[in-house]
Amino acid sequence: MARKTHLTELGCIACGGLTELGAGKEGWLVENPNLLTSLDTHSLALANRSQILILDWNNNNDQGQYRPIKIKPFDDKSIEGEITAIEWLVFDEIKVICVGTNNGYLLIYSLDGDLIHKQIVYPGNILKLQVCGSKRIFRHDDSSSEEVCVIMPGVIARFEGSDVQSLLRRWCQETRSHLWDENWRKREPEDPGSSYGRLPYQLWNVSKYGSCLDAAITGIMPPPLLELQSSERYYCAVTIGEDAVLSAYRLSENRNRSIVGAILSKVVPAAFSTISSVSRMIWRSEKPSTKKAEEKPQPFAKASSLTCLKDDPRKGEKLTLSPGGTLAAITDSLGRILLLDTRALVVVRIWKGYRNARCLFMEMLVGRDTVASSSSYRELSKSDYCLCLAIHAPRKGIVEVWQMRIGPRLLAIQCAKGSKIMQPTPRFGSSTTQSSYVPLEVFLLNGDSGQISVINRSLN
């Protein structure tokens, strides 16, 4: 009897360019803390501190191997610093690479290595770039939330997805209009990365319980009682770190939420404008400087603490959010995995004995006749799938799949020592109609062999 497998092989990423990132050494993919990865459909981006390598297995040569694209964003003395986070940004036909640095810069590059956008978010090390391209519903609020979040120690920044998409469309239109203009393509902009304006964003300080190691905005939540009511939205954020296993905050879009603050926000700018006008009439203004003013980060918006869990010596390590934002999987330093209900802010399940684990949510067909379902796959909707949690336990050498929230273990897949589970970055504006729904999948990359596979969405 043939052995049942729950993996489907997709291809191999092995190529000569990977040696610069450490390939060839045992465990190079998982043991190097400076090696970053980001997955998109048919594309894999890997980066170290100074360069990015893009592998596209739709772009094969005669030998069937990948022709990598190499991007070297900046030199060693650049003010932007070193690469500390990467993520794909995909809007319909537009696909670019977003980069975060240890000096707090957010950069966007085309696949040709051209700098599209550069902006300082906040002075500090960018730990993670989080992309949410799906609709998240939180406490009966039907507002969609497509966003790009920047996670830093004790700081969260949020960029609206529509603003990022607008900037990239302007870049795409300008690039297409000068497609055959060699002089335009060879030009050297006076200020690279600022041709399409500055992206607006919100910034919050979430370091009340110590500096966070990971964080996520889980969705939109109602405003607090006894606060000035307005059309502005509030967000719920969950953070984890060394001082607190997890903590939660209510994030306000505005810095001033009280009645006094609202009055001051109107009066102070008007008074300052009047004083400035009078001053210019009395004293001659100096000749304006041609030197560009140093870009400063914007002030923090209001972040109110909701709850905190401290359990010394346990420390939070990694946080993974479900596609709807209603669940979060948190790994800690004692080998435990906490399943958090982000609506009630309550831990609903705990796994023990999973040190150095990595978790990703996925969707599977559970309890269905796979023969019948496979023939009508394109007609399946989101309701046909069950939310599950894939747990990669590297010390055990297995990937387990558990049904949410309190369901049984569905799969236990053996994997090689140097393997890593990955997931494609959510796409912005993707269609979620019943006839075209694509379930959330988890991929397994074997770093030693270069083989990439996907976990089957059906048990049979």
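**View 1. Proline 313 lies in the loop between strands β17 (303-309) and β18 (316-321).** Helices (H or I, at least four residues) and strands (E, at least two) are DSSP runs, numbered from the N terminus. The peptide bond between aspartate 312 and proline 313 is cis, with omega about 10 degrees. The model is predicted, so local features need pLDDT of at least 70 and side-chain atom pairs count only at pLDDT 80 or more, while totals for chains, interfaces and linings use all residues. Residues are numbered from 1 along each chain as its sequence is written, and side-chain values use heavy atoms, with hydrogens and water left out.

View 2. Arginine 405 is in the loop between β24 (398-403) and β25 (409-414). Most residues other than glycine have a negative phi, and most peptide bonds are trans.

**View 3. Histidine 42 has a positive phi, near 65 degrees, and is not a glycine.** The loop between β2 and β3 (43-47) holds histidine 42. With a relative accessible area of 35%, histidine 42 is partly exposed; buried means under 20% relative accessible area, exposed over 50%, and partly exposed in between (1.4 Å probe, protein chains only). Glycine 11 is 31 residues from histidine 42 in sequence, and their C-alpha atoms are 9.7 Å apart.

**View 4. Asparagine 356 also has a positive phi, about 60 degrees, although it is not a glycine.** This residue sits in the loop between β21 and β22 (358-364). Asparagine 356 is partly exposed, at 45% relative accessible area.

**View 5. Asparagine 34 is in the loop between α1 (28-31) and β2 (36-40).** Its relative accessibility is 31%, so asparagine 34 counts as partly exposed. Apart from neighbours within four places in sequence, asparagine 34 is in contact (heavy atoms within 4.5 Å) with Ala47, Asn48 and Arg49. The C-alpha atoms of asparagine 34 and isoleucine 83 are 8.8 Å apart, although 49 residues separate them along the chain.

**View 6. Helix α2 (residues 161-177) has 17 residues.** From first C-alpha to last, α2 reaches 24 Å, close to the 24 Å expected at 1.5 Å a residue; the expected span is 1.5 Å times one less than the number of residues. Which residues of α2 are buried? They are Gly161, Val164, Gln165, Leu167, Leu168, Trp171 and Cys172. These residues cover an arc of only 160 degrees around the axis, which puts them on the same side of α2; the arc is that of the directions from the helix axis to the C-beta atoms. The face turned away from the buried side carries the exposed residues Gln173 and Ser177. Cover for the buried residues includes β6 (83-91), β7 (94-101) and β11 (147-152).

**View 7. Leu309, Val347 and Ile350 form a nonpolar patch on the surface.** Together they have about 210 Å² of accessible area, from the Shrake-Rupley method with a 1.4 Å probe, where for residues only the protein chains shown count as cover. Patches are made of residues with over 30% relative accessible area and no salt bridge, joining like charges within 9 Å and nonpolar side chains (Val, Leu, Ile, Met, Phe, Trp, Tyr) within 5 Å. A salt bridge is a side-chain nitrogen of Lys or Arg within 4 Å of a carboxyl oxygen of Asp or Glu. Valine 347 is in strand β21 (residues 346-351) and is partly exposed, at 31% relative accessible area.
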